[in-house]
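Here is a short tour for anyone opening this one up for the first time. Keep the picture beside you as you read.

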Amino acid sequence: MRPVFVDHQMIKVGDIVQDFSYEHSRVHGVVVGFVEHAHPKEAQKVIVISNGELVKWIAQYCRVVSDNRANEQ
């Protein structure tokens with residue numbers, strides 16, 4: 001899977017992200033994949049494990065808290 005660039009940050013599999021779609025959101029999760037969008041105007045989404053569940057978050061509302069450097073060579 002290729003990384004996604006959102007608001008000058010790169011989101012990739014293994015990153016810990018925070019959902020800030022709500023004003024006081026403190027929900028965190030680990031990126032495990034990306035949703036392929038069918039239309040160019042459709043929001044890019046990431047698949048995240050959060051609170052023991054697989055959920056889809058809009059990448060625009062995610063902030064990378066800790067990036068995964070283990071996969072870099």
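Helices (H or I, at least four residues) and strands (E, at least two) are DSSP runs, numbered from the N terminus. This is a predicted model, where local features need pLDDT of at least 70, side-chain atom pairs count only at pLDDT 80 or more, and totals for chains, interfaces and linings use all residues. Residues are numbered from 1 along each chain as its sequence is written, and side-chain values use heavy atoms, with hydrogens and water left out.

Let's begin with a loop. Asp15 sits between β2 (9–11) and β3 (16–19). Buried or exposed: which is Asp15? It's buried, with a relative accessible area of 0%; buried means under 20%, exposed over 50%, and partly exposed in between (1.4 Å probe, protein chains only).

Now for some polar contacts. Such a contact is a pair of N or O atoms within 3.5 Å; within protein, one must be able to donate a hydrogen and the other to accept it, and residues adjacent in sequence count only if both atoms are side-chain atoms.

| Side chain of | Reaches | Distance |
|---|---|---|
| Asp15 | backbone nitrogen of Lys12 | 3.0 Å |
| Gln44 | backbone oxygen of Val35 | 3.2 Å |
| Gln44 | side chain of His37 | 3.0 Å |

Gln44 has its place in the loop between β4 and β5. Leaving aside residues up to four places away in sequence, Gln44 touches several others, including Val4, Phe34 and Trp57 (contact means heavy atoms within 4.5 Å).

Val4 belongs to strand β1 (residues 4–6) and is buried, at 11% relative accessible area. Phe34 is 30 residues away along the chain, and the two C-alpha atoms are 8.3 Å apart. Both residues belong to the largest nonpolar core, a group of 10 that also includes Ile11, Val48 and Cys62. A core here is a set of buried Ala, Val, Leu, Ile, Met, Phe, Trp, Tyr and Cys residues joined through side-chain atoms within 4.5 Å.

Then there's the sheet. It is open, with five strands in the order β6-β5-β4-β3-β7 and antiparallel pairing; two strands pair if DSSP finds at least two bridges between them. β6 (53–58) and β7 (62–66) stand at the edges with a single partner strand each, so one side of each has no neighbour in the sheet. How many bridges join β3 and β7? Four, in the antiparallel sense. Across from Cys62 in β7 stands Asp19.
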